[in-house]
Amino acid sequence: MNSQGVAKVPFGPTTAAAIVLALMICTLVAYFVTAALTIAVGQLLMLGDWITAGVRPSRHIQIFAAMTGAAASGFAGVWVARVVCDFAFAAYLPRAVFYALAVLAVAGLGKIWHAGSLSESGVLLSQLVATVVAAFIWFWPDRSPVTIGNGIVDSD
C-alpha cells in the first residue's frame, strides 16, 4: 500500500489530560471485566449445583474453585484492559497503568480485614495477587507481547 502524500499522525491521546483519561479508561476496563467474570464464574457454580441435583462438593473444593475463578477473572480483566489500551491509545504510559492497578489492589487489601470468613479473605487475596501479577506481566513492558507478536505495532 502506498502511503505517499498521506499525513501520518499518532492516533490516541497526546496531551497530559488525555493520557490521564486513557489511564482511567484502562483501569475501569480491568475492573468491569473482572467484575463480569467473577459474576459469570459464580453463575457457573450455581449451574453446576443445579446439574448435579444438589449434591454439593466439599467445602475445600468450593473454596478452591472460588479462588481459582477470582484469580482467573483478575488476570483476564487486566489482559483485556491491556488489549483495549493498545488498540485504542497509542500514546498512553503502560507503567502508569501498572502503578494505578497496584495502588488499587493495595487499597483493596482493606476488604480482607472486613471479610466475613477466612475463606472469603483467601478468595479476595487470590484476586488481588492475580491482578498485581497480571498488571506486572502486561503493563510493565513498554509494548504488549500480544501486539508485537501479531505485527500490529513495531517493537521498540
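Residues are termed buried when their relative accessible area is under 20%, exposed when it is over 50%, and partly exposed in between (1.4 Å probe, protein chains only). All views show a predicted model, in which local features need pLDDT of at least 70, side-chain atom pairs count only at pLDDT 80 or more, and totals for chains, interfaces and linings use all residues. Residues are numbered from 1 along each chain as its sequence is written, and side-chain values use heavy atoms, with hydrogens and water left out.

**View A. Helix α2 and its buried residues.** Helices are DSSP runs (H or I, at least four residues) numbered from the N terminus. Helix α2 covers residues 59-88, 30 residues in total, and reaches 43 Å from its first C-alpha to its last. This span is close to the 44 Å expected at 1.5 Å a residue, the expected value being 1.5 Å times one less than the number of residues. Its buried residues are Gly69, Ala70, Ser73, Gly74, Gly77, Val78, Ala81, Arg82, Val83, Cys85 and Asp86. An α-helix has 3.6 residues a turn, so residues three or four places apart point the same way.

View B. When neighbours within four places in sequence are left aside, Ser73 is in contact (heavy atoms within 4.5 Å) with Thr34, Leu37, Thr38 and Gln127.

**View C. Packing of α2 against helix α4.** The axes of α2 and α4 (residues 118-139) lie 8 Å apart at an angle of about 25°. Axes are lines fitted to C-alpha atoms, for helices over the stretch in contact, and angles run from 0 to 180 degrees between N-to-C directions. The two helices α2 and α4 are therefore roughly parallel; angles under 35 degrees count as roughly parallel, over 145 as roughly antiparallel, 65 to 115 as roughly perpendicular and the rest as oblique. The contact of α2 with α4 has 16 nonpolar, seven polar and two charged residues. In this classification Ala, Val, Leu, Ile, Met, Phe, Trp, Tyr, Cys and Pro are nonpolar, Asp, Glu, Lys and Arg are charged, and the others, Gly among them, are polar.

**View D. Packing of helix α3 against α4.** Helix α3 (residues 94-113) packs on α4 at an angle of about 170°, with the axes 9 Å apart. These two helices, α3 and α4, are therefore roughly antiparallel. Residues making the contact include Phe98, Leu101 and Leu109 of α3 and Leu124, Leu128 and Phe136 of α4. By class, the contact of α3 with α4 comprises 15 nonpolar, two polar and two charged residues.

**View E. Trp138 in helix α4.** Trp138 counts as buried at 12% relative accessibility. The C-alpha atoms of Trp138 and Arg95 are separated by 9.5 Å, the two residues being 43 residues apart along the chain.
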